[in-house]
Amino acid sequence: KANLYIISTNKMNATQEPQSLELLVIDDDVRIRDLLADLLEASAPPDVTLNIDKAADGSQGLDMYHARRNSGRPYDGVFTDLVMPTACGDDVLEGVRKVDSQTPVYLITGAEATGEYANRLSRAKQFKPDRIIQKPIDLSVFPELLREIVAKKAKPSTYQGTETYQS
């Protein structure tokens, strides 16, 4: 008979309530969209439950974002691809920042050698994404991003974003 011991470095105080994060993942490639959601789920600390909505493009993502915000249950974080056929990530970032400067928005992108990519990335930086995550993605970034969102949700006025993460 073997004993199995699981040791976790994610500790929760006995007085802490389990947390729930509402996230939005936006990508025009269904495989990437589902993979991002799965990676976020797998990276969640044991005391954090993720509720992840997925959008097929920036336009749908903005509609979902505004509907949730208007219902009084805003998203705690948004993950969006930069270049998409309908409303790109910079459009999503602008749409979120127009109504909310506090919601963390993470742009996920590959280094595409096109003028459109360069213009979109430059435009996105004007709206201060919380992070720009370059593909291929270092998977160790997801637990860190979720900790940032938890911290932001706990103390919204003390959080500061805008940095680039490259693996």
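## Ground rules

Buried here means under 20% relative accessible area, with exposed over 50% and partly exposed in between (1.4 Å probe, protein chains only). By that cut-off, 44% of the chain's 167 residues are buried.

This is a predicted model, so local features need pLDDT of at least 70 and side-chain atom pairs count only at pLDDT 80 or more, while totals for chains, interfaces and linings use all residues. Residues are numbered from 1 along each chain as its sequence is written, and side-chain values use heavy atoms, leaving out hydrogens and water.

## Overall layout

There are five helices and six strands in the chain, taken as DSSP runs (helices: H or I, at least four residues; strands: E, at least two) and numbered from the N terminus. Along the sequence they follow β-α-β-α-β-α-β-α-β-α-β.

Now for contacts, meaning heavy atoms within 4.5 Å. Among those in the chain with a separation of 6 or more, 78% link residues 24 or more positions apart.

## The nonpolar cores

A nonpolar core is a set of buried Ala, Val, Leu, Ile, Met, Phe, Trp, Tyr and Cys residues joined through side-chain atoms within 4.5 Å. The largest one has 21 residues, and Leu21, Leu23, Leu40, Leu50, Phe79 and Leu146 touch the most other members. At least two residues each come from β1 (19–26), α1 (30–43), β2 (48–55), β4 (105–109) and α5 (141–154); α5 gives the most, with six.

Leaving aside residues up to four places away in sequence, Leu21 touches Val48, Thr49, Leu50, Asn51, Asp76, Leu146, Ile149, Val150 and Lys153. Another core, of 19 residues, lies apart from the largest one and includes Ala55, Tyr65, Val105 and Ala124.
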